[in-house]
Amino acid sequence: MAAQTVYVDEISSLISKEQITELFSCCGQINQCVLNLGPDGKKSATISFEEPSQATAAVALSGTMLGDCAFTVSTQPRGESVPAATETNAPGLQNLMTSTQDALLSAQLKREEEISRTIYVGNLRPDITEEQLAEFLSSCGEVVCVKHCNNTVGEGDAAVRYSFVEFKTQQAALTAMGLGGTIFAGKALKMGKALNPIIKNAKTMAKKMAPEVKKLSMTSDIMKRVLAHAARIGRKVGSDEKKEEKNGSDSRKDRDKRRRDRSRSRDRSRDRRRDKREDSRERDRRRRRSSRSPRRRRR
């Protein structure tokens with residue numbers, strides 16, 4: 001039975017429970033979220049979802065940068081061994097991007113390999129069928145697919161059409177290229193290298209790939225929402241840090257101002273005391289001068 005609970009480790013100490021809940025709610029409905037603080041200052045969380053598929057989507061977020069740390073997500077508690085299947089199916093964002101790039105590269109190489117086995121056959125009579133052309137070219141090697149172009153060039157007896165032929169091997173395609181100028185049904189064949197592979201049964205392919213395309217689209221939407229939430233949380237955390245720094249700076253400024261005010265107050269007190277002493281000395285000097293001067297006799 002698939003797990004509905006994931007364990008998130010290496011969470012930054014700056015991140016709150018509300019922010020973790022906001023981020024992982026992109027994957028689905030959260031039944032419970034428990035946030036714990038570890039001895040190293042980092043946090044961990046246990047998140048329970050309604051459905052196992054939502055937990056699987058959450059595991060894909062492992063490695064996402066949030067705040068100043070990249071958290072990890074697993075279906076097993078920290079310290080327990082994680083099954084190889086879980087590791088394979090739960091890449092982080094970086095691993096997911098790498099696997100996507102590998103898939104695109106593989107598809108590109110496959111496309112180029114198909115093109116190397118495909119040739120262009122021109123100057124065919126309009127009544128020649130794909131089966132007839134495949135039978136004629138089978139002498140060069142096994143034919144995988146033949147596809148006529150619906151359009152014809154010219155009118156009447158001069159009307160011609162062209163076709164694309166894919167062989168099983170590249171050597172067979174090279175051999176068929178040597179048949180250029182060969183008369184087939186009264187027309188000299190024109191051979192050339194194909195620039196694109198043959199699209200085989202587009203409707204069937206589209207129907208077969210629809211679930212994968214839908215899954216990829218859903219994963220892409222989740223990742224977009226997660227990155228948007230992570231960026232918003234990161235900005236909020238950065239803003240909170242700046243506020244704390246500003247508050248700390250304001251506190252230092254207030255302390256400096258109070259210190260300067262106290263210093264000015266002490267200076268003013270000293271000045272007042274000095275002025276009082278000077279006034280007192282001046283009064284004493286006047287009193288002494290007055291006492292030394294002779295008194296006038298009364299008439």
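Begin by selecting β7 (118-124) and β12 (190-193), two strands that run antiparallel and are joined by four bridges; strands here are DSSP runs of E with at least two residues, helices are runs of H or I with at least four, and both are numbered from the N terminus. What you have open is a predicted model, in which local features need pLDDT of at least 70 and side-chain atom pairs count only at pLDDT 80 or more, while totals for chains, interfaces and linings use all residues. Residues are numbered from 1 along each chain as its sequence is written, and side-chain values use heavy atoms, with hydrogens and water left out.

**The four-stranded sheet**

Stay on this pair of strands and pick I119, which stands opposite K193 in β12. Then extend the selection to the whole open sheet, whose four strands follow the order β8-β9-β7-β12 with antiparallel pairing, two strands being paired if DSSP finds at least two bridges between them. At the edges you will find β8 (143-148) and β12 (190-193), each of which pairs on one side only. On average, neighbouring strands of this sheet are turned by 25 degrees against each other, direction ignored.

Helix α6 (residues 170-177) lies across β7, β9 and β12, and runs at about 140 degrees to β12. For these angles, axes are lines fitted to C-alpha atoms, for helices over the stretch in contact, and the values run from 0 to 180 degrees between N-to-C directions; contact means heavy atoms within 4.5 Å.

**Salt bridges**

Now show the charged side chains, among which the structure holds 10 salt bridges, each being a side-chain nitrogen of Lys or Arg within 4 Å of a carboxyl oxygen of Asp or Glu. Select R117 and E166, whose side chains meet in one of them at 2.9 Å, N to O. This pair links distant parts of the chain, since R117 sits in the loop between α4 (93-116) and β7 (118-124) and E166 in strand β9 (residues 161-167), 49 residues apart. R117 counts as buried at 9% relative accessibility, and E166 is buried with a relative accessible area of 3%, where buried means under 20%, exposed over 50% and partly exposed in between, with a 1.4 Å probe and protein chains only.

Move on to R125 and D127, which form a salt bridge at 2.6 Å, N to O; R125 is partly exposed at 31% relative accessibility, as is D127 at 47%.

**The nonpolar core**

Finally, select V6, V8, I20, F24, I47, F49 and F71, the residues with the most contacts inside the largest nonpolar core, which has 25 residues. Such a core is a set of buried Ala, Val, Leu, Ile, Met, Phe, Trp, Tyr and Cys residues joined through side-chain atoms within 4.5 Å. The elements giving two or more residues to this core are β1, α1 (17-24), β2, β3, α2 (52-59) and α7 (202-292), and the largest share, four residues, comes from α2. Apart from this core lies another, of 17 residues, among them I119, V146, A172 and M191.
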